Amino acid sequence: MSRIYPFISRAGMTGILVTLLLEGCSVGPKYRAPTPALAPFHNQVSASVNNGAAPATLDQWWLGFNDPKLVTIVRRALDQNLDLAATLARVNQSRAAAAGARARLYPTGELDASATAERQSLQGNLGTIASTVPTFRRNIHEYTIGPAASWEIDLAGGLRHNAAGARDEVQAAEAESLGTRIIVAADAADAYLQIRGYQARLAIAQNQIATDQHLLQLVQNRVAAGAATRREGATPCSLE
């Protein structure tokens, strides 16, 4: 070995072997995220769709209808929905766990302080003997201040993998919260738009009834003036 690598000492070879051994003991494979080939997506709605109104992003697409009542309903649903509140709590929890996992990669420090006060008794054997010493002090006060630092060396890569997994958990929780938010907003807007549709259909039917009644009144007036026969104002059921 020394003839092949004369420039490497025995200690250097030992260090290389230990490094290779620790690298082989690394926890789990290194994850490599795939690169998706997706077309660019613009999270912006054209102003022409909103009839010249201010453009609304897809995160708040309901603003594009320019309906204050719809905006109020959707915001109320987002503020009061318990499922969405639970997902937001999970996001905060995962972020706290990720921060803790990331902090374990760095050294930690502590600062301890203590104070002690003692008063020696003169009645015991120790107090009787010690009181004869010129430097004897009956009252003793001790103060201790000591910093401490620790660092867990990540030899096998477990801490790094835990931190990476915690970051992925944060992204998953955020995606779940965003999906829940989209569903809640869509359900609230769908119910509101259905009601608006039914109201519009009811208004059309009422206008049609008013128009038919007006036409019937015109025919009745013509019949009373002798300008038309009763047949013009008869319904299909009455003709049978």
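**An aromatic cluster**

Which residues form one aromatic cluster? The members are Trp 61, Trp 62 and Phe 65. Welcome to a predicted model, where local features need pLDDT of at least 70, side-chain atom pairs count only at pLDDT 80 or more, and totals for chains, interfaces and linings use all residues. Residues are numbered from 1 along each chain as its sequence is written, and side-chain values use heavy atoms, with hydrogens and water left out.

**How the rings meet**

Rings of Phe, Tyr and Trp (its six-membered ring) pair if their centres lie within 6.5 Å; planes under 30 degrees apart are stacked, over 60 edge-to-face, and the rest tilted. The count by this rule is two aromatic pairs.

**Buried or partly exposed**

Buried means under 20% relative accessible area, exposed over 50%, and partly exposed in between (1.4 Å probe, protein chains only). Trp 62 is buried at 3%, while Trp 61 is partly exposed at 28%. Phe 65, at 45%, is partly exposed too.

**Helix H5 and what follows**

Helices here are DSSP runs (H or I, at least four residues), numbered from the N terminus. H5 covers residues 158-224, 67 residues in total. Its first and last C-alpha atoms are 99 Å apart, close to the expected 99 Å (1.5 Å times one less than the number of residues). Just after H5, Gly 226 takes a positive phi of about 80 degrees.

Definitions and conventions. Helices (H or I, at least four residues) and strands (E, at least two) are DSSP runs, numbered from the N terminus.
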